[in-house]
Amino acid sequence: MKSVLVDSLEKVLGNQDPRPAQLIGGVHASGFLGEPLAVQIALEVPAGDELAATVHLTGGLADRASLAAVRRVPVSNPAPPEPDEHYLVTEPGDYPDLLEPFTDEVRLPSGWQSLWIEVLTENAADAGRHTLTVTLRDETSVIAEHDVQLEVHAHRLPPLAITNTHWFHVDSLSTHYDVPVFSERHWELIEDFLVSARAMDVNSVLTPTWTPPLDTAEGHTRPFVQLVGISEAAGAYAFDFSRLDRWLEICRRVGIDSLEIAHLFTQWGARFTPAIQVETEHGLEQRFGWHVAATDPAYRRLLEGLIPALRAHLDEHWDGQVLWHVSDEPHTEHLEAYQAARGQVVDLLEGAQLVDALSSLSFAEQGLVDTPIVATNHVEPFLEAGHKPWVYYCVSQGRDVANRFIALPSVRNRVLGRQLYAFEAPGFLHWGYNFWWAQYSLRPIDPFQDTCAGGGFWGGDAFAVYPGPDGTPWLSIRHRVLAQAMADHRALTWLEELTDRATATALIDEGGTLAYDRFSYDVGEHLRARRAVDEQILAALSG
């Protein structure tokens, strides 16, 4: 049986022999304490057969390694109608993405398949070079064996210096697992999936103070996931933050240090209010939503009590960053409506940080948003005007720029870390960590069968994590590669601190050509550059 040791940036598609891993600096993978080191073993299972094998790990770091089978998932919409030439595939099909964890026994279908092997070590005693031997056996014999050369540096990367947020959808968890919102089981799922987000170096979380008015068809309501209890009696509002406090406790426990408060107005125009429930003497009612205009005085009356109370509570109970949103993705034609919505809250948010995803420079020029978050294919005017904005990508960023679609090569996912460093972006945003809904949230989907949100998005845009059958997060190739991208950023930031910015930038600027829409697809070049960054860090530390 043919088998090949490949690096973590290869996607084993099955229609050609995979690219073998290179030895770079004498090892197949290297990094610092707490940094995931990953390789793959690719195997060609004969046509019509199914391989049943046991996987044995021996040698250095064997007890620090985890195993996953790379599973193919259906991708009905792999690419835009006019994709650039770098897509791996453009036709619908089943493609590798899901990492299904296993311990020692695995079954693989026919064709080229792969196993994901990841090593994570926290102990400085494990520093140094190690050989990890991977042996696969069927019922009768050894069918593959590979020696993986690894190196762990005896230092730890500093924390990520930028904000990295991928919007967390708590209603996906309650709906998929069919548990009541904010039941004990729901809270357990929330914590487990936030832990998985931290493993992707996510450090900020969309916080459902009220049900986020995102990706929802007009007139439609997603399940209510409102952390702040709101009641009204004798014409006065009162607020209960007990559920929010539990949320804050989980965030602190898992290592989240930044909160994004749910958007104050609806998406794509800021014309309406979020779906907000209020407890009255007659019971719980939906007081606000699509039926209430953004500028309605009744909403302003709520906000006059809610925003100051929420800010005061967070000042007392939260030490981290707090980000506020007006509305998501307003376009130029929405400028007047956005300005009117902002006028409802700007005095109540004096001194707070306002951030919004928008790509028209006019919003920034008119001072309507403190921190614009700009799509990577629209960022050039902002850079030329002297801004150093946050950036985001989603389904619309399908040509030339970095993205995480299943049909794209992994290097196009990983290059984001060096891009964010090179252009001094203070943060990165993606809208879908676990959006397990059809487009506009019209119905839930099974992410194992539908990776395209009911056909509305390119495969992989809506989520980076799968719901394991027992409530365990199952990760994706894209999840792990994005974690590597953030580790690249952390290493570059550290090298700059130890030396200077020019030294760090020289290792990634690709001869001065690196841009958000222009970068090398040479995997070896990328890995060698990261190795050079690490070597200069170690030299600076020892010097």
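**Strand pairing and helix packing in the predicted model**

Strand β3, covering residues 37-45, and strand β8, covering residues 111-119, are paired in the antiparallel sense through nine bridges in this structure, which is a predicted model. Within this pairing, Ala-42 is found opposite Ser-114 of β8. Strands of a sheet pair through backbone hydrogen bonds, in either a parallel or an antiparallel arrangement.

The two strands belong to an open sheet of five strands, in which the order is β1-β3-β8-β5-β6 and the pairing is antiparallel. Helix α10, formed by residues 477-498, lies across β3, β5 (65-75), β6 and β8, and runs at about 75 degrees to β6.

A hairpin is formed by β16 and β17, with two residues between them. Strand β16 (residues 276-280) runs antiparallel to strand β17 (residues 283-288), and five bridges join them; the bridge partner of Val-278 in β17 is Glu-285.

With regard to annotation, an unreviewed UniProt entry places the feature "domain: Glycoside hydrolase 123 catalytic" at residues 167-495. In the model, the end C-alpha atoms of residues 167-495 lie 30 Å apart, and the span is 33% helix and 17% strand.

Methods: Residues numbered from 1 in each chain as written. Predicted model: local features only at pLDDT ≥ 70, side-chain atom pairs only at ≥ 80, totals over all residues. Heavy atoms only, no water. Pairing = 2+ DSSP bridges. Helix = DSSP H or I, 4+ residues; strand = E, 2+ residues; numbered from the N terminus. Contact = heavy atoms within 4.5 Å. Axes fitted to C-alpha atoms, helices over the stretch in contact; angles between N-to-C directions. UniProt positions renumbered as here; feature names shortened; annotations may be inferred.
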